[in-house]
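Biologist: Please take a close look at a single part for me. How many residues of chain A are in contact with chain B, and by class, which residues does the side of chain A that touches chain B have?

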Amino acid sequence: MINIQGVNYRYRNAADNALESISLEVQPGKILGLLGPNGAGKTTLISLLSGNLKLQSGSILVDGTDLQNLHKNNPAAVCLAPQDFAFYPSLTVGENLTFFARISPKGEGRRTAEAQIEFALDFCQLSHVLKQPACSLSGGLQRRLNLAITLLASPNYLLLDEPTVGVDPQTRAFILESVKALSQSGLGVVYTSHYMEEVEAIADQLAIIDGGKLLRYGDKSALLESRSSLCLKLVNLSEEESRAKLAEFGNVEVAPADDCVSLEIDLLTTVTVGQVLAAVEGAGGRICEVSYGRPKLESLFLGLTHRSLRD
Amino acid sequence: MLLALILKELHVLRRDLYGLAAIFLLPAAFIIIMSLALQDVYRPKLNTLKWVLIDNDRTDFSLRLAKHWQDFQQEPEAKVEDWRSQLATGQLDYAIIIERGTQEYLDNLVTANDTSGGIKFIGEPGLDFAVFQALTSQLRGLWLEHAIKSSNLELPTIVRQNIDIVDDFGAADENANDRGQGASELMDRLNTMVEGQRLGGAVNPSAVQHNVPAWLIFGMFFVVTSITGLLVEERSHGTFARLRSLGLSSGVILLGKLIPFVVVNLFQAAIMLAIGRYLLPLLGGEALVIDDVHWLALCTMLFSISFAATSLALWIATLVTSQTQAAAIGPAVNVLLAALGGIMVPSFVMPDVMQSIAGLSPMNWALEGLLDILIRKASFVEVAFEVGKLTLFGVLCLVLAQLALRKKYS
């Protein structure tokens, strides 16, 4: 298990912390969906876990071993698949895999370099392009190569930084299935993405950070299924009036719609739907459409991080 | 629309400080360096050369001659005991030796047939050919002037004899030819009393002997461009981060680039030397003379140049952040170091200040070292100082590169 406790990080010359008192866990065989708007601190956290940044305060233990020591003794335990295509474009797929297999540290029970390459090729279905230069591959194949290289070190934990950016739906489905399969085989996965439906589909746990702070962390089901979301479309009330009248019932997200106001209220557990509807009518509003149920991850995310654009 | 495009481009340029530096500052620096370096090229300052006087005659004549020579040159160096070794290493540019018996020879110029005495001009092996010729001619002219004054023959007498020959041309003066021949022989004898040579009988270095090392160094330092581009690509694509996440330290990654590029650089040097030695003669040029060099010295020097160039490249690569910067700054640094270091303009034609600045360029250390080996046939020990400077420079660049990476990833 990766145990992150009270981690703070501040970049040189920065006024604020990029990470502030972050505490969470990544469990073997589970996928942690790490979510946050741009600049929230996701990349900083990933960089700390991958050893590209040095821990300033707090602690990170990987299966009981301090991360700093781990990177010296068994760096293969936690491996990063960067968002960019982190390989050598002029080398062929085979040459890239051979190179990274050779420099990958030898962890316990690790297969030979050849066996690792074979496994990665099979797992990411790249055997047919073995001799092609990496730069000549399609975006989807390059994503698969990126993942394959990460698997060469036989890691215990995978850090996947937006692994599906710019790929077609088929490749996305393939990558998501692969990540699930890896998790089921016992790997702990940290998965960052801006695609909420992806994270909702594969994550076991969620961590939502913004402004360097951990806003929500826990099992996906606990975070989503324990909450109720009421969606309304109203006329006769402005956005400001709607927000003001309904704020007492929970977090209100207002979106403009044609001829009406569209609202999604993340209801407090003590509030009933009837109370909200009564309040709307009392304010003179008329309900055109209503739906009720478990909130979508995107609603939860926007509810926590708000709609305002980020730097 | 066009205006919008133009304005956009200007905005982009305004915000690219490295790009602006490449466009404005570097050419400005280049113009300043080259103008200062070349300001004396058409009036080379021969009087700045270091020389010694070995006066074995110690007569009034020799003292007068030496004093007159000093009117054109700077004071001779006081330390004359080891003048040969100083010449061999290029610490001295030339020596003038007035042999014993020179005045006596002049006193009996007309009658004496012996060739005792005389003056020797001995240049250091690497002395520029034009400078060598100019100084030898200057010394010969001075010698003739003093010799004629000191000898029993007055200059007008010699001239008169020649004029007589011209006057009598076609006339049946049987003595005219004899008189003319006598004067001509006299002049020949006086001329041969001044002998110009290089230390150890070294041949005059040709342009090839100077140019091949200079452009070899320039070419070796061009590794800056390729390494900078490659490292920037690795960093911007996340490959560098991936390598670090696999437990590779920045130092190991730098070393992984240093070693192959040093090897490639050495191959490049070998090919360029082979071109100078074998291809240039086939194309009608002079061959680079490398047969009698100290090979240990040459190999060590080439290795240290390669190490310095590659390390510099790695340091620059850690500082720049984009391919555009890499493409602009790598070659610019190379050209500036070459301009400063005497690659584009030989440093001996530069003014004193520029020569001092040239001494700060690693290309200058490399050039001095290679010229010592190729022209002065220096041994390993004799170029150890240049090798040491280049190696230290390389180590310093590597440390700075490592620190820059550590700062970036701390």
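Modeller: UniProt positions are given in the numbering used here, with shortened feature names, and such annotations may be inferred rather than shown by experiment. The unreviewed UniProt entry annotates "transmembrane region" over several stretches of chain B, including residues 212–232 and 332–350. This is a predicted model, in which local features need pLDDT of at least 70 and side-chain atom pairs count only at pLDDT 80 or more, while totals for chains, interfaces and linings use all residues. Residues are numbered from 1 along each chain as its sequence is written, chains are lettered from A in the order in which they are written, and side-chain values use heavy atoms, leaving out hydrogens and water.

Turning to your request, 29 residues of chain A are in contact (heavy atoms within 4.5 Å) with 17 residues of chain B. Together the two chains bury about 1700 Å², buried area being the accessible area (1.4 Å probe) lost on putting the parts together, summed over both; 51% of it lies on carbon and sulfur atoms. Of the area that chain A buries against chain B, R12(A), N52(A) and Y88(A) supply 29%, more than any other three residues.

Among the elements of chain A, β6 (78–81), α3 (93–103) and α5 (139–151) each supply at least two residues of the side that touches chain B, helices (H or I, at least four residues) and strands (E, at least two) being DSSP runs numbered from the N terminus. β6(A) gives the most to that side, with four residues. By class, the side of chain A that touches chain B has 19 nonpolar, seven polar and three charged residues, where Ala, Val, Leu, Ile, Met, Phe, Trp, Tyr, Cys and Pro count as nonpolar, Asp, Glu, Lys and Arg as charged, and the others, Gly among them, as polar.
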